[in-house]
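User: I have a model open and want to go through it piece by piece. Can you take my questions as they come?

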Amino acid sequence: MAGARHPVVEVRRSQRRRRTVSAYRDGERVVVLIPDQFSRAEESEWVDRMLARLAAREGRFARSDDDLFGRATRLRGLYLAEYGDRAIPVSVRWVTNQNGRWGSCTPADRTIRISHRIQDMPDWVIDYVLLHELAHLIVPSHNARFWALVGRYPKAERARGYLEGVAAASGSPLGD
Ligand SMILES: [Zn+2]
């Protein structure tokens with residue numbers, strides 16, 4: 001971007017970290033936390049990636065409530081089409097007051113809330129969380145029928161692993 005200053009980056013290596021990388025802005029600097037065992041090449045790859053992610057977050061990107069609703073509509077058509085109206089939520093929105101869960105669904109009023117904590121995660125993880133909540137409109141509990149619906153999403157297993165990894169790394173077990 002023209003005129004954009006390249007931020008000063010401080011890389012901190014941590015022996016406690018195994019795979020996770022995180023970054024935050026600290027005044028003029030951007031601090032990137034990486035696992036101690038990363039090579040120089042991995043370090044530079046991840047610094048680039050985290051700078052792009054921060055820039056996207058700060059620019060608010062396309063991850064608005066409208067974006068969420070659009071995604072929900074597409075996912076419903078792909079995986080829950082035969083349920084018709086039953087899988088249509090009244091509202092889907094980002095919330096910041098949901099620290100214990102990635103997403104939640106109230107089948108009674110057909111509303112879905114998604115935690116801002118996943119806002120910077122990859123698309124396929126956001127889609128998993130959304131499909132999970134959409135499936136709750138049809139099956140409220142986590143029973144076999146529910147998991148069969150969620151399992152239609154090809155990356156369901158992978159996304160669950162991703163979210164478990166993030167929760168474990170941050171030390172705060174999160175559920176759905
Ligand atoms: Zn659930």
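User: Is Phe 38 buried or exposed?
Analyst: This is a predicted model. In it, Phe 38 has a relative accessible area of 11%. The cut-off for buried is under 20%, so Phe 38 counts as buried.

User: And Trp 46, buried or exposed?
Analyst: Trp 46 is buried too, with a relative accessible area of 18%.

User: How many aromatic pairs are there?
Analyst: The count is 4 aromatic pairs. One of them is Phe 38 with Trp 46, with ring centres 6.5 Å apart. The planes of Phe 38 and Trp 46 are at 35°, so this pair is tilted.

User: What lies over the face of Trp 46?
Analyst: Arg 49 does, at 4.2 Å from the ring centre of Trp 46.

User: What about the rings of Trp 124 and Tyr 162, how are they placed?
Analyst: Their centres are 5.6 Å apart and the planes are at 75°, so Trp 124 and Tyr 162 make an edge-to-face pair. Trp 124 is in helix α3 (residues 123-138), while Tyr 162 is in helix α5 (residues 156-170). The pair therefore ties together parts that are 38 residues apart in sequence.

User: Which of those are buried or partly exposed?
Analyst: Trp 124 is buried at a relative accessible area of 19%. Tyr 162 has 25% and is partly exposed.

User: What sits over the ring of Trp 124?
Analyst: The charged end of Arg 158, 4.3 Å from the centre of the Trp 124 ring.

User: Switching to the metal. What coordinates the zinc ion?
Analyst: Three histidines, each through NE2: His 132, His 136 and His 142, at 2.0 Å. Along the chain, the donors have the spacing H-x3-H-x5-H.

User: Are His 136 and His 142 buried or partly exposed?
Analyst: His 136 has 6% relative accessibility, so it counts as buried. His 142 is at 41% and counts as partly exposed.

User: Why two sides?
Analyst: Because side chains in a regular strand alternate between the two faces of the sheet.

User: Which strands are joined to β6?
Analyst: Strand β4 (residues 91-95) runs parallel to β6, with 5 bridges between them. Strand β5 (residues 103-106) is antiparallel to β6, joined by 4 bridges.

User: What is paired with Arg 113?
Analyst: Arg 93 has Arg 113 as its bridge partner in β6. Ser 104 also stands opposite Arg 113.

User: What do β5 and β6 form?
Analyst: A hairpin, with 4 residues between the strands. Arg 110, in the turn, has a positive phi of about 60°.

User: Zooming out, how many helices and strands does the chain have?
Analyst: There are 5 helices and 6 strands. Along the sequence they follow β-β-β-α-α-β-β-β-α-α-α.

User: What share of the chain is buried?
Analyst: Of the 176 residues, 38% are buried. The accessible surface of the chain is about 10,100 Å², with 51% of that belonging to carbon and sulfur atoms.

User: And what share of contacts is between residues 24 or more positions apart?
Analyst: Such residues account for 48% of the contacts in the chain with a separation of 6 or more.

Terms used. Residues are numbered from 1 along each chain as its sequence is written. This is a predicted model: local features need pLDDT of at least 70, side-chain atom pairs count only at pLDDT 80 or more; totals for chains, interfaces and linings use all residues. Side-chain values use heavy atoms; hydrogens and water are left out. Donors are N, O and S atoms within 2.8 Å of the metal (3.2 Å for Na, K and Ca); water is not among the atoms, so sites may look incomplete. Buried means under 20% relative accessible area, exposed over 50%, partly exposed in between (1.4 Å probe, protein chains only). Helices (H or I, at least four residues) and strands (E, at least two) are DSSP runs, numbered from the N terminus. Contact means heavy atoms within 4.5 Å. Accessible areas come from the Shrake-Rupley method with a 1.4 Å probe; for residues, only the protein chains shown count as cover. Rings of Phe, Tyr and Trp (its six-membered ring) pair if their centres lie within 6.5 Å; planes under 30 degrees apart count as stacked, over 60 as edge-to-face and the rest as tilted. A charge sits over a ring if NZ of Lys or CZ of Arg is within 6 Å of the ring centre and within 35 degrees of the ring normal. Two strands pair if DSSP finds at least two bridges between them.
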